[in-house]
Structure formats: structure tokens, C-alpha cells
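Colleague: I would like to go through the terms used for this model and what each rests on. Please set each value against its definition.

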Amino acid sequence: MKMFAFLPVLLFVLVLGPAAESLAVGISIDAGLTPPQGRWILRTQVRSMSRTAPEGTADAGMDRLMVPLVVVYGLRPQLTLGVRQIIDWRTMTMMGNENKQSGFSDIYVFAKYKILRINTRSYTLGIAPLLGVEAPTGSSGISNEFWSINTGLYFSGRSGGWGADLTLGYRFSGVADVPADDPDPGNELGLNLALAKQIPVGKSGRSALAPVLEISWKNTASDKAAGIETPNSGESVFTLAPGVKYTRGDLIIEGLVRFPVSQDQKGMQMEIGNMYLLGVRHMF
Amino acid sequence: MRPTLIAITCLALLAGCSSAPEPSSDPQVGALVEFEVFGMDCPGCHGGLENLVLEIPGVHSAKASWVDKKLALRVEEGAEVTDEQVHDAINRANFTAGERLK
């Protein structure tokens, strides 16, 4: 009966092309912990974000609504596999003209491998590296049209209801199939920290509420053409994101607001605005 | 409008799924066994461990608690479940077994 109730969701996710992330104290930041063997995690979110031209410059902006669909599976206690597909709606505004595009973004598959997990009465520690590949399967106008490889090293610590996840990620953008007329896209370096406190709700221990704070820094290198940096590309952004997560049994409902604390775009580029996220995870 | 509808449908479908089953209190079921378990840090950890313990032949029901750091299971009348089998399930859930409490 439970499987039948879940079938529409499973079909929905599989038909759209699956995607990934797992058990973490953060909402958009993954953990250095791998889920139990045989555990499925389905996740979806609604992310609304925008970019606008700096004040006093061009009248331009971009609004973006993204719905990532993620499926994660604990193939072995050490090995987690995942796949992510994003549905993306973009509205570009330039000098009063509006251009809308929508479709599927590039599919992303990844594997995370446990190299350390220490569980004691008073604390838990975990370390897991990640390797992921993004393939240019997306819709025209949405797809990057090239292959990228993501690497990461994830650390987690838990003690007394407190949790911290630290991730260090590096993205090799455009490792293959970059269109001949395009510059080589810049690689990305990211450092993220998620902090949370699990507060039990009720006496059963089956529910918990967790305030979450995510701190992120991401540097995107400039694109290059014939080894020379192209103008108006590359940026560095530091963000803070307070949020809240409610867990009830195998269901997690989460939301956060991410806002830029500082950002530095090279040349003339649109600045990043706030991001609003509402999501749900189900594990079975 | 269409993206919002799809997003809401997606969230509603996931939110509609049921959570972990409570162990049965079938009076014919036999011994209660309890283990300390380390590494669970939220209610979302329960289900994965309970699923693996329920795969052990002879286990009738299982209930984990991240607050109490404990796993309680009921063994079917006449069935034999070894500590090694339970430890193996706990390990495959990426947790660590402590002392056997009952």
C-alpha cells in the first residue's frame, strides 16, 4: 500500500530523469555521511532566484525558478549513488524586452564514498569524497552544452544535537564538448559550511525541528579564449542562508533564504540577488 | 503559473507519503531485545536502520530512537536472532552498536 502511494512520485521523478543529495544538517549543502545500505532518498525543491544589473548601469535582470529533482541510493554502506535533474524557468529582461526560456537542465550523476565514519556515545565524525559528472542533456537554451566534472571532499560532525557539515568542492567546467565558437568556461571553487541544532518535538522522538545556518563562498574563474581571459566573466560570491528544517519520521520539509553578503563580478555583469528555497525530502 | 503548479504538485505528492511504521504490539510476539546505537542524529535516521533490522529473519518489529541512542526489536515466538545479525544491520546502516541492554 505504501509503495502504491509512492508510485506517482517515483514515476514523476524517473520520467523526468533523476538527480542528487543526502542526509545532511544543511538544506542545500551535502554531508560527509553516507546513508544506510538500501536507503532511498527522494528530494525536490523550489528555488527562486534573481540577478540584476548594478544600479546606474543597464536596465537588465534575470529571474529564475528551478525545481531540482534528486534521487539518492545507498548501494553499499560506503557507497552512495545519486542523480539530479533540474527543471528550469528563466526570464531575461533587457531594456524593457522580456525573453523567456524553460526546460530541463543538464543531468548530473554522482557517487559519494565513505572513507571515515566514527560513531561514539558523544559524537559522530564522517568524511566522504564525491565525484560527479554533468552531461549536456538539457533543453536548448538551458543546457550548458558541455560536460563538467565535480569533485568534493565532505566533512561532518555531530554532537549533542548539534551538527556541522563542511564541504570543499571544485568543478572542472567544460571538460569536453565546449562549442567551437565559445570560450572555455571558468572552473569553480566552493567552500560551504552548514550548522544546525536538532530540537526534538514531542515525546516520541519521531519529530524534530532544526534551525539551520549555511555559509558559502564560491569563486568562478573567468572564461578563457585561446588562453586569454574573456572580459565580463568570473565572480566571487559570499552568502549567508538562515533556514529551518522539520523532520517527521522519513519526511523532511525545509526552507531557507540565501542572501549575498559580498560579491565581486569581473567587468560588467549582473549581481546576484536573494534566493528563496522550499523543499521536501522523503526517505524509504 | 505552470511552473508553480508543477512545483506545488511535486511537493504535495512527496509530503503525502507516510512515515516510518510503528512496531506492532502483537501479543504472540516473543522477546524484546535492546541495543545501544551510536551515530543517529535525527528522526530521519530511524527508518534506514529499522528497514535493515526487519530484514533479519525472525525479527517481528523494530524501533530506533536517536534521542535515547537505542534500538528495540521484537523477535517472533520461537525464532532465534543473534547479536551478530543485529550488529551487522547496525553497521550496514552506518551506525555503531554499543552494549546490549536487554
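Colleague: What makes S3(A) and strand S4 (residues 97-104) of chain A a pair?

Modeller: Two strands pair if DSSP finds at least two bridges between them, and strands are themselves DSSP runs (E, at least two residues; helices are H or I, at least four), numbered from the N terminus. S3(A) and S4(A) have eight bridges in the antiparallel sense, so they count as paired under that rule. Trp89(A) stands opposite Ser102(A) in S4(A). The two strands form a hairpin with two residues between them, and Met95(A) in the turn has a positive phi of about 50°.

Colleague: What is this model, and how are its residues and chains labelled?

Modeller: It is a predicted model, in which local features need pLDDT of at least 70 and side-chain atom pairs count only at pLDDT 80 or more, while totals for chains, interfaces and linings use all residues. Residues are numbered from 1 along each chain as its sequence is written, chains are lettered from A and ligands numbered from 1 in the order in which they are written, and side-chain values use heavy atoms, with hydrogens and water left out.

Colleague: Which other strands pair with S3 (residues 79-94) of chain A?

Modeller: Strand S2 (residues 60-74) of chain A pairs with S3(A) in the antiparallel sense over 15 bridges, with Gly74(A) opposite Thr80(A). S2(A) and S3(A) form a hairpin with four residues between them. Strand S5 (residues 107-113) of chain A is joined to S3(A) by six bridges, again antiparallel, and Leu79(A) stands opposite Tyr113(A) in S5(A).

Colleague: How do you know how many disulfides there are?

Modeller: A disulfide is a pair of cysteine sulfur atoms within 2.5 Å, and by this rule the count over all chains is zero. Cys42(B) is in no disulfide, since the nearest cysteine sulfur, that of Cys45(B), is 4.1 Å away.

Colleague: Why is Cys42(B) called buried?

Modeller: Buried means under 20% relative accessible area, against over 50% for exposed and partly exposed in between (1.4 Å probe, protein chains only). Cys42(B) has 7% relative accessibility and therefore counts as buried. Cys45(B), at 6%, also counts as buried.

Colleague: Why are the buried residues of helix H3 (residues 83-92) of chain B placed on the same side?

Modeller: They are Val86(B), Ala89(B) and Ile90(B). Their arc around the axis, taken from the directions from the helix axis to the C-beta atoms, is only 100°, which puts them on the same side of H3(B). They pack against strand S1 (32-38), helix H2 (46-54), strand S3 (70-75) and strand S4 (96-100) of chain B, where contact means heavy atoms within 4.5 Å.

Colleague: How do H2(B) and H3(B) cross?

Modeller: Their axes come within 9 Å and cross at roughly 145°; axes are lines fitted to C-alpha atoms, for helices over the stretch in contact, and angles run from 0 to 180 degrees between N-to-C directions. Leu49(B), Leu52(B) and Val53(B) in H2(B) meet Ala89(B), Ile90(B) and Arg92(B) in H3(B).

Colleague: What makes S2 (59-65) and S4 of chain B edge strands?

Modeller: The four strands form an open sheet in the order S2-S3-S1-S4 (chain B), with antiparallel pairing. S2(B) and S4(B) each pair on one side only.
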